[in-house]
Amino acid sequence: MSKKKGLNIIGFVLILLISVVAILPFYTMLIMGTYYTNDLFTGMKFIPGNYLGENIKTLFSIDILAFYKNSIIVAGGSAILTVIVCAMAGFAFAKYKFLFKKTLFSSVMVTMMIPMQLGLVAFVIEMQAVGWRNSLLPLIIPPAASAFGVFWMTQFASSAIPDEVMESARIDGCNEFTLFVKIALPFMRAACMTLALLAFLWSWNNLLTPLVVISNESLYTIPLGIRQLSTTFRNDTAAQVLGLSLTTLPILLLFSAFSKSLISGLSAAAVKG
Amino acid sequence: MNKNLNFRKVVSLTAAIAMTVTMLAGCGSNNEQAAQSSGQAQTTTSTAAESTAAESTSQTGALKGEITQWVWGDYEKKGAVDFTKTYPDIKVNYVMVPQNDYVKKLQTTAASNGDMPDVANLEMTARGSLANLDIWEKLDAAPYNLNKDDLVPFAIPISQNKKGDIVCVQIDNCVGGYAYNRELAKKYFGTDDPAELEKVLTNWDVFVQKGKEISEKSGGKNFLFAGSDDAYYALIGLYTKEPWVQDKKLNLDTTVLPTMKYIEQMIKDKALGKYVMWTPAWNSSFASNTVVFYAAPTWFVPFVMKANDKDANGKYGLITPPNGGYSWGGTAYGIPKESKNKELAWTYIKWFTMSREGSEGFFRTQGTPTLYSKVYDTDLYTNDANKDPYFGGQNIMQKYMEIAKNPNTQTRPMTEYDAGIYDSIVVVLRAMDTGLSADQALPKLKADIIKKFPELQQ
């Protein structure tokens, strides 16, 4: 009994240590936002400083609330659309037989290997041609066609949705769209939640696309807007850290709310391969 | 059932093709198309420029409309506050673009034939490569006809592309002196008077010798300069008359090597601190009272020194460098060919950079002189009202004007390779910090540059 208790204590201490290691960077990030930038580099800070008010003032000297709103619209919209498009494409690739299926799937996979930067100019020309420049649409709609998302959903759908269930539904008179919505999607729920979170995260942190397609400050997202605190002559690190700390909150909240789905989605995909 | 199955196949195939095409659309290369559209745009633009010029003649005194400038701070907005009084019908829209990403955005927009601003900023570091892109209006040609005599002579090389066309005009006069910590100067030189110090520090060999003395007397706690970057900038004035690349050949033996040799000596003498320029640690060096000299161009005083060492009235002084002076940094304004409001853009640039009113406004709001030569013989910058308590009441603008008028103050002609070469210099400086000699560093520097620009010869 006492041996078991001893092991428990060791386990507890180990978990505590790992937790400290994981939480410390986040804690110091919060603390850094309360100091004057120059003071940040005079040693590690563990106690809150007295410069929070000034940093908040600096942060609000840019239109942070508008940037926040834009980021939520973009990341939220992108996450929803990505899930819809990728779930449909993944379902099609996983469960239907059609001409050139393998070739098409391979070409989707190939796009994952090409860095976004290579096609940047073409992408901007395309957005210009369809009249989407200087709007949030290029940040919401094109990312919905995510190669990773399609791959992810295809892998998940191929093993998570039993063919027998689909056949039964068809025999019962279910059309293909209803089949997808009412039968397939519930099976793919965990993968959808995971993809939604990942898509939200990609979009939330994206700097390059907003930089090149938006030239209207009122449409800036957080990563782009917050860089205004860095100029040729000075980098207000503390204010930037404070801004980034505040902007990680939605991600933390989302993760807390959907952590079960995320973890189950990830582990299910890992097992199913 | 069979019909249903066929329908499913068609729908699936269509959906999958649509998905694939959408994904590939953003990834494919489309340079030819871009070049074609760019060509078309240029043709349209020259026609627009001609008609703009014609309208200009007929509309003199009745300028009206809106222009857009991409900026990275409130520098222009504050500086041009009087512009709207003179030209109430011209509205300037300032779009904030992060400075670190400015070049990327400008290049991508130009390449994709997107909406360019009417006025774009060309910061000194990237100006060589930007100015040599064929996207700018020639300002010394019609309809602009910029008069070179309106600018101080050393402003011309930093406004031209490699063909010699003036494609931008720098707003700020960035000549530099050496700012010094008065208390430390008194301690190590026996005086904090600028004139007396200039008498002592007559050449660079003396400077290096004094650096060694400072290090020895302070037990390694005080430094001549904050670091090798600072020393590099302090010395560029000596060797800036020739470009870094001439006829596709690197020209570093005479332009960079002598500077590196001085830096090597100062590192050996422990006369340089360990601060890497522009890092927050370097920012904090100003208040640390350990560094005697900083290379200080005009903009350095309000944006770096006063920003990082706020309550320091009387702490600093300013002297002329041994060789006469240098120009470091600066932001120039250019008009993209794609601008739809070229006449208004030129009116704005001309007012800002080449008018008494613009110079007054810019100096009043930003504390920096312009390069407009016609006011240099007036007391706009040098009158006693400009004595600066931060510098113990010294009239530092008088000093900067002395440097600006000094015929030895020259600027290095720009090349499109400058930004890449500068990055390589910084890498090599870091290696020198750890003991690499100048003679060892030069081949490494050249090799690093050739790797980036294989078309160049050593």
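Me: How do helix 6 of chain B and helix 17 of chain B pack, and at what angle?
Reply: Two packed helices are described by the angle between their axes and the distance between them. Here helix 6 of chain B and helix 17 (residues 418-433) of chain B pack at about 140°, and their axes are 7 Å apart. Axes are lines fitted to C-alpha atoms, for helices over the stretch in contact, and angles run from 0 to 180 degrees between N-to-C directions. Helices (H or I, at least four residues) are DSSP runs numbered from the N terminus, as are strands (E, at least two). This is a predicted model, in which local features need pLDDT of at least 70 and side-chain atom pairs pLDDT 80 or more, while totals for chains, interfaces and linings use all residues. Residues are numbered from 1 along each chain as its sequence is written, with chains lettered from A and ligands numbered from 1 in the order written.

Me: Which residues of helix 6 of chain B meet helix 17 of chain B?
Reply: T125(B), A126(B), G128(B) and S129(B) of helix 6 meet D418(B), A419(B) and Y422(B) of helix 17; contact needs C-beta atoms, placed from the backbone, within 7 Å. By class, this contact has three nonpolar, three polar and one charged residue. Ala, Val, Leu, Ile, Met, Phe, Trp, Tyr, Cys and Pro count as nonpolar, Asp, Glu, Lys and Arg as charged, and the others, Gly among them, as polar.

Me: Into which domains is chain B divided?
Reply: Domain 1 of chain B covers 61-173 + 330-375, and domain 2 of chain B covers 176-328 + 398-452; the bounds come from an automatic or database assignment. Their centres, taken over C-alpha atoms, are separated by 29 Å. Domain 1 of chain B gives 18 residues to the contact and domain 2 of chain B gives 19 residues. Helix 6 (residues 124-131) of chain B supplies six residues, the largest share of the domain 1 side. That side of domain 1 of chain B has seven nonpolar, eight polar and three charged residues.

Me: At what angle do helix 11 of chain B and helix 18 of chain B pack?
Reply: Helix 11 (residues 257-268) of chain B and helix 18 (residues 438-452) of chain B pack at about 135°, with axes 9 Å apart. Helix 11 of chain B is therefore oblique to helix 18 of chain B. Under 35 degrees is roughly parallel, over 145 roughly antiparallel, 65 to 115 roughly perpendicular, and the rest oblique. L257(B), M260(B), K261(B) and E264(B) in helix 11 meet A438(B), A441(B) and L442(B) in helix 18. These residues divide into five nonpolar, no polar and two charged.

How values were computed:
Contact = placed C-beta atoms within 7 Å.
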